[in-house]
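This briefing covers the strand arrangement, the nonpolar core and the confidence of the model shown below.

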Amino acid sequence: MGLYMDDIHTPTVPSGPTTGQRAADGVGKDKLSLMDLIAEKTRVEEELTALGSVLDSHGVNMNTPLTTFDGYPRDDLDIAQIRTTRARIVYLRNDYKTLMSKIELGLHEHHASYQASNSSLASGSSQEPMRSGSAATDQGLIDTPFAKVNSVVPGSPADDAGLKAGDRVRRFGDVNWLNHEKLSKVAEIVQRNQGRNVVVKVVRNTEELTLQLIPRSNWGGRGLLGCHLLQA
């Protein structure tokens, strides 16, 4: 996928929300709900992927020199488009860091609220345990992809189960966005279930899939899965 421009003086790199703003309505990120922040994170990731494709279409990356050895702009490159794209990528990477910090803080607050509500129920308190809409928030967080499949080894348990690079994992056994603890819980599930079936739910493009994965060590490669997961 590539994005191109019609005029060298007006680079057509897609514009996104400025830092502290929401693309849809301009609401400051400080006022966004946790689910909205997660949705914005996904949007930024998609734009970064698209912008990366722009650089790929020109055969360059973020560090490729744009000038000749004697300092003149290279005439084989669309300098204006590449510079604008790079600037946007740098901008979005900083925005992404801010989003991730706010999401992490929101998750901590959500966990604290959840634990407080459980304590209230355990003590027999008649106080309303959770604010309105919290059940929907919990379900939304549970369904949020928390990991991405970076690579799959042919012939591995992950390959046999049908996992593919690029799949976004929303469930791995009973592990989800709320409890994956930087993917450490996935490792525990794998270790505990050698030779046994583990249900894995993934999103592939816009398709939702439920796969059956059996971790095992005798498949001829390293590890019990034969795939590399990255935290989303």
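In this predicted model, five strands form an open sheet in the order β4-β3-β2-β1-β5, with antiparallel pairing. β4 and β5 (227-231) lie at the edges with a single partner strand each, so one side of each has no neighbour in the sheet. Direction ignored, neighbouring strands of the sheet are turned by 35° against each other on average.

**Strand pairing**

- β3 and β4 are joined by seven bridges in the antiparallel sense, and V198 has L213 in β4 as its bridge partner.
- The hairpin of β3 and β4 has two residues between the strands, and N205 takes a positive phi near 60° there.
- β2 and β3 run antiparallel and are joined by four bridges; V169 is paired with V202 in β3.
- Five bridges link β1 and β5, again in the antiparallel sense, with A147 opposite Q231 in β5.
- β3 is mostly covered, since five of its seven residues are buried.

**Nonpolar core**

- In soluble globular proteins, nonpolar side chains tend to be buried together.
- The largest nonpolar core here has 41 residues, of which F146, V169 and F172 touch the most other members.
- At least two core residues come from each of α1 (34-57), α2 (79-122), β1 (147-152), α4, β2 (168-172), α5 (184-192), β3 (198-204) and β4 (207-213).
- The element that gives the most to this core is α2, with seven residues.
- Leaving aside residues up to four places away in sequence, V169 touches P145, F146, A147, V149, V200, K201, V202 and L229. One of these, V202, is also the bridge partner of V169.

**Confidence**

- The chain has a mean pLDDT of 79, and 73% of its residues reach 70 or more.
- Confidence is highest in helix α4 (residues 157-161), at a mean of 96, and lowest in helix α3 (residues 134-142), at 56.
- Residues 1-27 stay under 50 in pLDDT, although the model has 59 contacts for them beyond four places in sequence.
- Residues 126-133 also have pLDDT below 50, and this stretch has six contacts in the model beyond near neighbours in sequence.
- Where pLDDT is low, the predicted coordinates should not be read in detail.

Notes. Residues are numbered from 1 along each chain as its sequence is written. This is a predicted model: local features need pLDDT of at least 70, side-chain atom pairs count only at pLDDT 80 or more; totals for chains, interfaces and linings use all residues. Side-chain values use heavy atoms; hydrogens and water are left out. pLDDT is the predictor's confidence in each residue, from 0 to 100. Contact means heavy atoms within 4.5 Å. A nonpolar core is a set of buried Ala, Val, Leu, Ile, Met, Phe, Trp, Tyr and Cys residues joined through side-chain atoms within 4.5 Å. Buried means under 20% relative accessible area, exposed over 50%, partly exposed in between (1.4 Å probe, protein chains only). Two strands pair if DSSP finds at least two bridges between them. Axes are lines fitted to C-alpha atoms, for helices over the stretch in contact, and angles run from 0 to 180 degrees between N-to-C directions.
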